Amino acid sequence: MLKRFALAFAAMSATILSFPALTQEFPNRPVRIIVPWPPSGNVDITARTVAPALADALGQQVIVENRPGAGGTTGTAAVAKSAPDGYTLLLGSSGTVTNAPAVYKNITYDPIKDLTAIGPIQSVPMVLTAAPKTPVSNFKEFLAYAQSKPGQVSIASAGNGSSNHLALELMMRQTGLKLIHIPYKGSGPAITDLLGSQVETMMDQMTASIGHIREGRIKALAVTSKLRSPLLPNVPTLAELGLAGYEASTFTGLFGPAGIPPAVVEKLHAALKKALGVETVRARYHSRGVEIMDMTQPEFAAYVRTDFEKWRQVARDANIVVE
């Protein structure tokens, strides 16, 4: 009798003890994705496009929260300091994860030590363009024009230390060109001045420029991706044009703070991959001129590390420091 009671008690105790583990299985409450930029920008649209499909894959609500400030570093730093439980994530981009840490003097997070790279979402090539009145129609003519006027031809970017600033610095290093860099506060005002020929050339993300290129308002000279873009199949890559190994695409991906349990990282990565396989999600991204990235979690972590080291070296060589 006592033996049967003891066995029954042990079984009941085991059930009680296992219950919290079952209820704590990830995820058992909503997951937040922090977007470190204002609403309606490229990164925000990326997050809101994938969030519903990610919620379906996880079986929990996914909330997108904008937390802008300090060039995207405020929200990124907040995620880096959050609890490593998988419930607070970052829609990170090359701008905040690999570029800002390469150029900002007093940044408060290390992208490799303080963040977990969970999985990639998409990449966007950049495009070198010329203003209507700039007397060039292809990259060869641009080279000749810039070489004939060293230190006089202007090139715009979305800001000092931005992804496109680093991309144009890499181009100058590989070609030996000396251009006048004109940093703007975002792509919008830079493109406005390019359309009016107040600045002669520009390096910018394809998503911001492609509409103007298609309508003939600005001239596409080269793209920065490894392969030609299907959206601009007649525009060669810089690598094709003689800049061996040149590649400069921006990326977005899902990140969390360091220390997230491997099983949670694996589950988040699998859910993200499933979400990116949804046809409506893929169609929305492709319509914006972006390529969906497909990597394992370790491959993505290695990609982020390599990208960071690459741009940190470019920033050092060009003495780019943002206070």
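Good morning. In what follows, the axis of a helix is a line fitted to its C-alpha atoms over the stretch in contact, and angles between axes are taken between N-to-C directions. The model under discussion is a predicted one.

I begin with two helix pairs. Two packed helices are described by the angle between their axes and the distance between the axes. Helix α7, residues 187–195, and helix α8, residues 206–214, have axes that come within 11 Å and cross at roughly 25 degrees. Angles under 35 degrees count as roughly parallel, and α7 and α8 are therefore roughly parallel to each other. In passing α8, α7 makes a right-handed crossing. On the α7 side the contact involves S187, I191 and L195, which meet A208, S209 and H212 of α8. By type, the residues of this contact between α7 and α8 are three nonpolar, three polar and no charged.

The second pair is α4 and α11, whose axes come within 8 Å and cross at roughly 35 degrees. The crossing of α4 and α11 is also right-handed. From α4, the residues S94, V97, T98, N99, P101, A102 and V103 take part, and from α11, V304, D307, F308, W311, R312 and A315. The contact of α4 with α11 divides into eight nonpolar, three polar and two charged residues.

Which residues of the largest nonpolar core touch the most other members? Of its 34 residues, these are L128, F139, F142, M171, L179, M203 and Y246. At least two residues of this core come from each of α4 (94–103), β4 (115–130), α5 (139–148), α6 (163–175), β8 (219–223) and α11 (297–318). The largest share, six residues, is supplied by α6.

M203 deserves a moment of its own. Apart from its neighbours within four places in sequence, M203 is in contact with M126, V127, L128, I155, A156, S157, N164, A167, L168, M171, T224 and Y246. There is also a second, separate core of 33 residues, with V35, A47, L268 and V290 among its members.

Finally, helix α3, residues 73–80. Is this helix mostly covered or mostly uncovered? Helix α3 is mostly covered, with six of its eight residues buried. The buried residues in α3 are T73, G75, T76, A77, V79 and A80. What do they pack against? Their partners are β1 (31–35), β3 (88–93), α4, β4 and β9 (249–257).

Thank you for your attention.

Technical notes
Residues are numbered from 1 along each chain as its sequence is written. This is a predicted model: local features need pLDDT of at least 70, side-chain atom pairs count only at pLDDT 80 or more; totals for chains, interfaces and linings use all residues. Side-chain values use heavy atoms; hydrogens and water are left out. Axes are lines fitted to C-alpha atoms, for helices over the stretch in contact, and angles run from 0 to 180 degrees between N-to-C directions. Helices (H or I, at least four residues) and strands (E, at least two) are DSSP runs, numbered from the N terminus. Angles under 35 degrees count as roughly parallel, over 145 as roughly antiparallel, 65 to 115 as roughly perpendicular and the rest as oblique. A crossing is left-handed if the near helix is turned anticlockwise from the far one by less than a right angle, and right-handed if clockwise. Contact means heavy atoms within 4.5 Å. Ala, Val, Leu, Ile, Met, Phe, Trp, Tyr, Cys and Pro count as nonpolar, Asp, Glu, Lys and Arg as charged, and the others, Gly among them, as polar. A nonpolar core is a set of buried Ala, Val, Leu, Ile, Met, Phe, Trp, Tyr and Cys residues joined through side-chain atoms within 4.5 Å. Buried means under 20% relative accessible area, exposed over 50%, partly exposed in between (1.4 Å probe, protein chains only).
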